[in-house]
Amino acid sequence: MANDTPPRWDRKMQQRLARGEAAALGELYDRFASLVHSLSHRVLDDESAADRTTRDVFGYIWENPQAYDPKSGPMRSWIAEVTQRTAAGRLRERHREEGPQSPGHHERTEEKVRAASTAARADYIVTSMPASLRAALELTYFQRRDYRQAARQLGVTDDEARRRLRLGLQLLSSASIRPLPPQPHGGGRPL
């Protein structure tokens, strides 16, 4: 049953935000601002747009703490999803403002949004996976080690190295399979 409930910190943070505790927002910002900014920058490829998106995301969280459903997973994942939706919306808006649209402009924009969101999700998955899985992936893909070399370097059996690689790749493959969640409506926010 312990796996069915989010970490205690997430529940308490949501409750504190719902009560309007400014200190809770500060704590949340300290903990997740770098995640929000890096995901935003990955999608938008623009520092000032990433800064604005970061402010928008934390503004949305402050105004809508009830939007987080503890049963759907950790708060960190929810914040990453809110960030992806916000940044994708900003990217779509940027492309609309570029002027007259040629045939296929909408499809190219949506493809950019999907590619940037997939890349941002992949970054998030890799940085949030357990260190043992991340280390196995880094050894095999960035340092070009095979699973036997990775096993020796990690001090694990060949079977354990293969298991870590397989699990890491399964987690990473979900980045391109999972579509962006629908955008919430109302409240005048860019989400």
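Alanine 50 counts as buried, at 0% relative accessibility. Buried here means under 20% relative accessible area, exposed means over 50%, and partly exposed lies in between, with a 1.4 Å probe and protein chains only. Alanine 50 lies in helix α3. Helices are DSSP runs of H or I with at least four residues, strands are runs of E with at least two, and both are numbered from the N terminus. Beyond its neighbours within four places in sequence, alanine 50 is in contact with His37, Ser40, His41 and Leu44. Contact means heavy atoms within 4.5 Å. Alanine 87 sits 37 residues from alanine 50 in sequence, yet the two C-alpha atoms are 7.7 Å apart in space.

This is a predicted model, in which local features need pLDDT of at least 70, side-chain atom pairs count only at pLDDT 80 or more, and totals for chains, interfaces and linings use all residues. Residues are numbered from 1 along each chain as its sequence is written, and side-chain values use heavy atoms, with hydrogens and water left out.

Now the whole protein. It has eight helices and zero strands. From the N terminus the order is α-α-α-α-α-α-α-α. Of its 191 residues, 39% are buried. Among contacts with a separation of 6 or more, 62% join residues 24 or more positions apart. The accessible surface comes to about 11200 Å², and carbon and sulfur atoms hold 51% of that. Such areas come from the Shrake-Rupley method with a 1.4 Å probe; for residues, only the protein chains shown count as cover.

Return to α3 and its partner α2. Two packed helices are described by the angle between their axes and the distance between the axes. The axes of α2 and α3 come within 8 Å and cross at roughly 140°. That angle makes α2 oblique to α3. Axes are lines fitted to C-alpha atoms, for helices over the stretch in contact, and angles run from 0 to 180 degrees between N-to-C directions. Under 35 degrees counts as roughly parallel, over 145 as roughly antiparallel, 65 to 115 as roughly perpendicular, and the rest as oblique. The α2 and α3 crossing is right-handed. A crossing is right-handed if the near helix is turned clockwise from the far one by less than a right angle, and left-handed if anticlockwise. Residues of α2 that meet α3 include Leu25, Phe32 and Val36, and those of α3 include Ala50, Val57 and Trp62.

The loop between α2 (22–44) and α3 (47–63) holds aspartate 45. Its phi is near 55°, a positive value in a residue other than glycine. Most residues other than glycine have a negative phi. Aspartate 45 is exposed, with a relative accessible area of 64%.

A second pair is α6 and α7. Their axes are 9 Å apart and the packing angle is about 130°. So α6 is oblique to α7. Ala135, Ala136, Leu139 and Thr140 of α6 make the contact with Ala150, Gln153 and Leu154 of α7. This crossing is right-handed. In the loop between α6 (131–142) and α7 (147–154) lies arginine 144. Arginine 144 has a positive phi of about 55°, although it is not a glycine. Its relative accessible area is 70%, so arginine 144 is exposed.

Last comes α5, residues 105–128. Its 24 residues should span 34 Å at 1.5 Å a residue, and the end C-alpha atoms are 34 Å apart, which agrees. The expected span is 1.5 Å times one less than the number of residues. Buried residues of α5 include His105, Glu110, Arg121 and Tyr124.
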